[in-house]
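Hi,

Here is the structure I said I'd pass on to you.

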Amino acid sequence: MEKIYLDHASTMPVDLRVLEFAKQYLGSEIGNPSSLHSAGLEAMRAIEAAREKVAGLINAEDEKNIIFTGGATEANNLAIRGTAQRNIGLGKEVVASAIEHISVINPMKELQKHEFTFTQVPVDNTGLLMLDKLKEIVTKNTVVTSIMYANNEIGTIEPIKEISEIVHEKGHYLHVDATAAAGKIHIDVQGDGIDLLSLSSNDLYGPRGAGALYIKPGVKLQPVMLGGGQERGLRAGTENIFAIAGFGEAALIAKTELAEESSRLQAIRDKLIEDILKIDDSYLTGHRTLRLPHHASFRFSHIEGESILLNMDMYDIQISTGSACSSKTLEASHVLLAIGLKHEEAHGSMVITLGTSNSMDQVPGVVKAVKETVERLRKLSPLA
Ligand code: PMP
């Protein structure tokens, strides 16, 4: 049976064109970018070329405004801890949406131990941020507000431009985790009024081990990782040139192919949604239209997401139950609870994230497997 990978939000295969491009940076002729000899300069040039390509994907003013990190978790930590600690004079309040990734929520919780107040802004039952609540919560003491561009578990896209206006009316910096959205929808940090934005290479078909933080000129932050002066002193440590060069190439390809690939995936997504919702007691999670083009997420009553995942795997189809980062804990997802689901409802979730290897031809087989899986599990379920 054909293997069908539908879990691109957890990890994406590296694009072969990216691999072909980046492998030149694994050889011994490539030095340490901090070294002054020619091998070092060659490495530095590779990093600067990647910086330009990543800047291009999000329409940054200048490539200097991109800082490479080890991934989006690190970029989120740097954005939040770095701005909060560097700008203590501005206030000791931090704000995030209730559906942020744990790599945003946990640094904010950590700041509470240092006398910061951390407030979460609720979302409605489709995952859209409640803008009236945001207006109430952000004050002149709110140093950083973190709202994701789009959610990785339910696919909902937030109105970032409006959010930016509200945050800047009273508060200070807006940080946006664009890990799930980059390369799938158009992002313009200048047009959207974003101060800090996180990206991950692996969510763009790039190698693992690279991420980036966009920092708008004038935004002040202090490093989290201390050591050498790499990355304008904001991220010490010898650069992972292979991953960074690959990340740059992946960003360039994503930008070039975004419009065509996103509309191709959106058609597959819509057919999957239409057909899967014909199964009894099945529901879409997240927003029907304001959602990522490659993202379809559902819940089925009376059954467990983990059993769905394992059963689907027997058909050689890989899906997810939600956040890969916490999928081993078997706790109900904080995102699904935040959109108002009860614990037992939140446990029956299934997330499909499409990618380059998927096609419309796969839809009937996937829908059949989901239907048979749900029916089989319901027969066994004491809850049904
Ligand atoms: N933010 C979001 C929205 C994510 O989906 C993820 C995981 N892909 C991360 C942050 C963490 O990314 P990384 O694994 O690159 O640290």
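Helices H3 and H4 run roughly parallel to each other, because the angle between them is about 30° and angles under 35 degrees count as roughly parallel. One thing before you go further: this is a predicted model. To find the pair, look for H3 at residues 72-86 and H4 at residues 102-112. Why give two numbers for a pair like this? Two packed helices are described by the angle between their axes and the distance between the axes. For H3 and H4 that distance is 8 Å. The crossing the two helices make is right-handed.

Now follow H3 over to the ligand. This helix supplies 3 residues of the shell around the ligand, which is the largest share. There are 13 residues around the ligand, and the ones that come nearest are Ala 72, Thr 73, His 101, Asp 177 and Ser 200. As for what kinds of residue make up the shell, 8 are polar, 3 are nonpolar and 2 are charged.

Thr 73 has a side-chain N or O atom 2.6 Å from an oxygen atom of the ligand. With Asp 177, a side-chain N or O atom sits 2.6 Å from a nitrogen atom of the ligand. Ser 200 also takes part: from an N or O atom of its side chain to an oxygen atom of the ligand is 3.0 Å. And how much of the ligand does the protein bury? Taken alone, the ligand exposes 400 Å², and 83% of that is buried by the protein.

Cheers

How values were computed:
Residues numbered from 1 in each chain as written. Predicted model: local features only at pLDDT ≥ 70, side-chain atom pairs only at ≥ 80, totals over all residues. Heavy atoms only, no water. Near = heavy atom within 4 Å. Polar contact = N/O pair within 3.5 Å; in protein donor to acceptor, adjacent residues only side chain to side chain. Areas by Shrake-Rupley, 256 points an atom, 1.4 Å probe, with all protein chains shown as cover. Helix = DSSP H or I, 4+ residues; strand = E, 2+ residues; numbered from the N terminus. Nonpolar A, V, L, I, M, F, W, Y, C, P; charged D, E, K, R; others polar. Axes fitted to C-alpha atoms, helices over the stretch in contact; angles between N-to-C directions. Parallel < 35°, antiparallel > 145°, perpendicular 65-115°, else oblique. Left-handed = near helix turned anticlockwise from the far one by under 90°.
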